[in-house]
Amino acid sequence: MTRLMTCAAALLLAPAAHAFDYSGYFRAGPGATTEKNVSRACYGLSGPGLKYRLGNECDIYGEFTLGHDAKVEGIDVRGVLMTNFYNNATDSGDEDLGIEQMYAEIKGVDISPTTVFWIGKERGRRGDVHIVDTFFTEMKGVGAGAKEIGAGPGKLGVAYYKTDGDEVNAGHRLNAEFYDWGVNPGGKLSLVGTLTKATEGAKGGALSVRHVQDGVLGGANSLWLQYAQGTAALNSNFGDLLADRRTKAWRVVESIHWQQGNFGGQAIALWSQQQAPDAVTGDSLKTTSMSLGGRVSYAVTKNFKLLGELGLSQVKPEGQDTQRLTKFTFAPTLATGPGFWNRPELRLYVTHAKWSGVNGAVVTGESAFDGKESGTSYGAQVEIWF
């Protein structure tokens, strides 16, 4: 409660301090299903990028950022506080209020005038695909670093992160990023290298390569090639700090978003494979995941859009049945403009899903469809960023 009051006071005082800037994001809304006495359900397979989010989010989530810029003896100073709120249902769920980011940075010091130095809790440069709500690159945590270091054709960033945890789950992480490398007209390349070490001695490493091509159909195309081993994760973060070097993962992600007149959208194709020793036999086992899907938006008028989203995903654990999921959503939507990215959006939606190879585990929220292989949900939702 004390934390909540402190954050609320900060938000109330912010408008009076003209040096502050304020931004945020949240999503919320009521949901229901066609099953009697079950109010809410969502559909997704286990794994990043395997849950298509339109009309398929069972939580309430928001993040709210206060930033303050100042000039102190010729040095650019910025402080950032981002709070977040999460509820896994509606008013009846488990509420959690936390600190997502809290850091300070300076730029303009005499030893390197163009470099930004920072310390605190932050989440750095991220790379996501919005329709699956997944950050395929996310260097977040408590740490210290420097970025915007001029390095030939691009820029360099380095950062060290530490997680305390307990004696088993504590570890160190080093990220090095080379980005804004213009390799072709309208195209930029970024590379992120990751080294991790658990307190117990296990080590890991990861490499992520991303190419972004702007100007494709009025939008952009992104391609990720990623590899991780040991205690490092594919998204350039900590992985399982108990894993040894027999644990490996590969991932390829292709995503495009576009806007052509009234027609906009985003699509994704994903392939990933994870290899890890079996907990009982020690044999190396592979799990292969694939997903293909997209969301389209058509503006009937300036402020009224029709949204549709289709996602097909599957997971194949070695020696087990293939898990498959197909999810479709239709959502009449009010928005501030006709574009795919115009927000806020106020949506009504109907979502239908079919699955096989899993015994109800595809459904999150309440166990609405145990013993069945299809389900339908409906409701209303707002999504806004500002």
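I began with Arg295 and located this residue in strand 18, which covers residues 284-299. The model I consulted is a predicted one.

I then looked for a partner of its side chain and found a polar contact with the side chain of Glu309, at 2.9 Å.

I turned to strand pairing around strand 6. Strand 5 (residues 75-87) pairs with strand 6 (residues 95-107) in the antiparallel sense, and I recorded twelve bridges for this pair. Within this pairing I noted Arg78, whose bridge partner in strand 6 is Glu105. Strand 6 is also joined to strand 7 (residues 116-122), again antiparallel, through six bridges. Here I noted Ala104, which has Ile119 of strand 7 as its bridge partner.

I then considered the protein as a whole. I listed 23 strands and one helix. How does the radius of gyration agree with that of a compact globule? For 386 residues such a globule would have a value near 21 Å, and the protein has 22 Å, so the two agree. Along the principal axes, I recorded a span of about 65 × 55 × 50 Å for the C-alpha trace.

Of the 386 residues, 44% are buried. Among contacts with a separation of 6 or more, 55% link residues 24 or more positions apart.

How values were computed: Residues are numbered from 1 along each chain as its sequence is written. This is a predicted model: local features need pLDDT of at least 70, side-chain atom pairs count only at pLDDT 80 or more; totals for chains, interfaces and linings use all residues. Side-chain values use heavy atoms; hydrogens and water are left out. Helices (H or I, at least four residues) and strands (E, at least two) are DSSP runs, numbered from the N terminus. A polar contact is a pair of N or O atoms within 3.5 Å; within protein, one must be able to donate a hydrogen and the other to accept it, and residues adjacent in sequence count only if both atoms are side-chain atoms. Two strands pair if DSSP finds at least two bridges between them. The radius of gyration is taken over C-alpha atoms; the globule rule is 2.2 Å times the number of residues to the power 0.38. Buried means under 20% relative accessible area, exposed over 50%, partly exposed in between (1.4 Å probe, protein chains only). Contact means heavy atoms within 4.5 Å.
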